[in-house]
Amino acid sequence: MKAILKAHNLFKDFSGVQVLAGVSLEVFEGERHAVIGPNGSGKTTLFNIITGLYRPTHGQIYFYDQDISGWPAHRITRLGISRSFQIINVFPKMTVYENVRSAVVSKLNRRSNCLSLLSRDKTIAEETLRVLDLLSLTDVRDVPAVELSYGRQRRLELALTMSRAPLLIMLDEPTAGLNSEETRGAVRLIRELTEGKTLLMVEHDMEVVFNLADRITVLGYGVILATGTPDEIKNNEGVRKAYLGRK
Amino acid sequence: MKRLPVRPIAWVLFAAFLVLLPYLFREIRVHIAIEVLIYALFAVSFNLLFGYTGLLPFGHAGFFGVGAYGAALIISHFPGMPLLATLLISTVAGFVAAIVIGAVCVRLSGAYFALISLSFQMFLFAIAYEWRSVTNGDDGMSIARPDLYLPFLGKISLQNFSNLYYLTIILVALGILGCYLFLKTPLGNAIICVREKDVRASFLGYNVFRVKLTAFAAAGLMAGLAGGLYAIYQEVVATTCIDNNMSMIPVLMVVIGGSSYFLGPVLGAAFYVVFQDWFSSMTGYWMIVMGGIFIVIILYAQGGLVSLFAPEKGWRWRKEHESDIEGA
């Protein structure tokens, strides 16, 4: 299988504290890959480095054999990597429709257009409505994001990530803060949305991980403990000791 | 029963009032109206940064001054230049200055952005003050207001105050309309995205630096036009139009008028200029009263005066800001 994303020997120091100490990771085209690990093991840092929020102290990241290490976030995003955030990160005062439309504008590369009115653009409007429909957000399209329920905000977060039609979807704890019923709904939705696509996710909820992931990477305080299928991970002695056993 | 379309009627009446204004008031009042218009454009350009990009510049007079000095220098050195070309050049001068200065400023945010924009304005002020051979220092440059030549209409004298009023209102209206439409384009929308959540914007593919620089340049462009109009209206350009005081004027106007509504700065400019005129005729202490109004609005009505007319909007603005603070 072809690797869509390759991280090679990543190191990250935060003023002397080593958060990642030589992490290598491959994500194959078409798989759902989850990164798990205890709190503070560096999962989100790994995400932030891959997507360009931080620069790695050492190491390289390749996206389809292109070295993207140290690129700024907007360039990485334009290549086709789209991410969501653990803490809701949407445009609070904009309506749901305006939120998604802003993402669609960027996807259609109309970002620098200053000569036509957004509201008059049919292509943008159609695509926006399609995404809203896909995420079942049509009924709240005119509600400002800040006034949505938490569960709906999570779905909007997902909508912003998906509306760029990314080649690699990266979800950072997409079920954080949801109750068990909402979580089940979210898992179903994520499964639908990522069907046939490539997903890299960080997740705390083991049920979600073993439900969704084709392969799992276990991170423990800056190093990779194991990578494998859910069954392999479940039966891995080291992982059990470090992480799963404690639950 | 059908409800009366109150808002359109109000706008039509207001537009008619603006058109007929030179016939309704004495000359001195029309002068005040011209001043309101120029400051309104200046305040709207400031609010592109403050209200729409979420940046608070303390040195916006730099671009106003560049526009004003640009117009004054052209008029005194190239007297044959058509008036509209002069204004176009001062607009472009504001734009170019904003791109150069903005390329440094927008790398910073918050208090540091405010301070570095202030430093650049003080630097420009120092040039205007010290380079006497060109700018005549703090004595300022006196210029004769040129006549306007238009195709078909021929020469239009701007010594006639109502002609000057109509020229100003047309250009200011075009400038403000330009800002309004700009914010409705994809690029204008990107500016709002950056204000709302710059991290999210960059993870949607927006280059946050470029977007902020665009906003800065657009604000400089409109401030340059306002400065050019100011030079032509005042017939004298001195360091007062590029000093710290001038930088604070749009801050006051926008906060008093309300930054969360597009026309808030226009209301703020009208209030500021009219109030200053009215109150300073009674007492020299008008600035104290203006300061008091500023404090009351900052403390109790952060939506500004416009929130009194559109209370729902002002309420929403405050509510969201409160939730921002709770969320932090």
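Colleague: Leaving aside its neighbours within four places in sequence, which residues is A:Gly59 in contact with?

Modeller: Keep in mind that this is a predicted model. A:Gly59 sits in strand S4 (residues 58-63) of chain A. Once the neighbours within four places are set aside, its contacts are A:Ala7, A:His8, A:Asn9, A:Leu10, A:Phe11 and A:Ser69.

Colleague: Does A:Gly59 count as buried, exposed or partly exposed, and why?

Modeller: Count the C-beta neighbours inside 10 Å: A:Gly59 has 17. Buried takes 20 or more and exposed takes 12 or fewer. With 17, A:Gly59 therefore counts as partly exposed.

Colleague: How many Å separate the C-alpha atoms of A:Gly59 and A:Pro144?

Modeller: Along the chain, A:Gly59 and A:Pro144 are 85 residues apart.

Colleague: What is the order of the four strands that form an open sheet in chain A?

Modeller: The pairing in this sheet is antiparallel. S2 and strand S5 (66-67) of chain A stand at the edges with a single partner strand each, so one side of each has no neighbour in the sheet. Reading across, the order is S2-S1-S4-S5.

Colleague: How many bridges join strand S1 to strand S2 of chain A?

Modeller: Strand S1 (residues 3-14) and strand S2 (residues 17-28) of chain A run antiparallel. The number of bridges joining S1 and S2 of chain A is nine.

Colleague: Which residue takes a positive phi in the hairpin of S1(A) and S2(A)?

Modeller: Look at the turn of that hairpin, which has two residues between the strands. The positive phi there is near 35 degrees, and the residue that takes it is A:Ser15.

Colleague: What is the bridge partner of A:Tyr62 in S5(A)?

Modeller: S4(A) and S5(A) run antiparallel and are joined by two bridges. In S5(A), the partner of A:Tyr62 is A:Asp67.

Colleague: There's also an open sheet of six strands in chain A; which strands stand at its edges?

Modeller: The order in that sheet is S6-S7-S8-S3-S9-S10, with mixed pairing. From one strand to the next, the twist averages 15 degrees. Two strands have a single partner strand each, so one side of each is left without a neighbour in the sheet: strand S6 (81-83) and strand S10 (223-228) of chain A.

Colleague: Do strands S3 and S9 of chain A run parallel or antiparallel?

Modeller: Four bridges join strand S3 (residues 32-36) to strand S9 (residues 215-220) of chain A. In S9(A), A:Val218 is the bridge partner of A:Ile36. The direction of S3 and S9 of chain A is parallel.

Colleague: How many Å separate the centres of the two domains of chain A?

Modeller: Chain A is divided into domain 1 (1-80 + 166-247) and domain 2 (88-164). Taken over C-alpha atoms, the separation of their centres is 26 Å.

Colleague: Which element gives the largest share of the side of domain 1 of chain A that touches domain 2 of chain A?

Modeller: The contact takes 10 residues from domain 1 and seven residues from domain 2 of chain A. On the domain 1 side, strand S7 (168-172) and helix H6 (180-193) of chain A give two or more residues. The largest share, three residues, comes from H6(A).

Colleague: How do the residues of the side of chain A that touches chain B divide by class?

Modeller: The contact takes 29 residues from chain A and 22 residues from chain B. Helix H2 (73-79) and helix H3 (96-107) of chain A each supply at least two residues of the chain A side. That side divides into 13 nonpolar, 10 polar and six charged residues.

Colleague: What is the radius of gyration of chain A?

Modeller: Chain A comes to nine helices and 10 strands. For 247 residues the globule rule gives 18 Å, so chain A is as compact as a globular protein of that length. Its radius of gyration is 18 Å.

Colleague: And what radius of gyration does chain B have?

Modeller: Chain B holds 15 helices and four strands, and buried residues make up 47% of its 328 residues. A compact globule with 328 residues would be near 20 Å, and chain B agrees with that at 20 Å.

Notes
Residues are numbered from 1 along each chain as its sequence is written. Chains are lettered from A and ligands numbered from 1 in the order in which they are written. This is a predicted model: local features need pLDDT of at least 70, side-chain atom pairs count only at pLDDT 80 or more; totals for chains, interfaces and linings use all residues. Two residues are in contact if their C-beta atoms, placed from the backbone, lie within 7 Å. Ala, Val, Leu, Ile, Met, Phe, Trp, Tyr, Cys and Pro count as nonpolar, Asp, Glu, Lys and Arg as charged, and the others, Gly among them, as polar. Domain bounds come from an automatic or database domain assignment. Two strands pair if DSSP finds at least two bridges between them. The radius of gyration is taken over C-alpha atoms; the globule rule is 2.2 Å times the number of residues to the power 0.38. Axes are lines fitted to C-alpha atoms, for helices over the stretch in contact, and angles run from 0 to 180 degrees between N-to-C directions.
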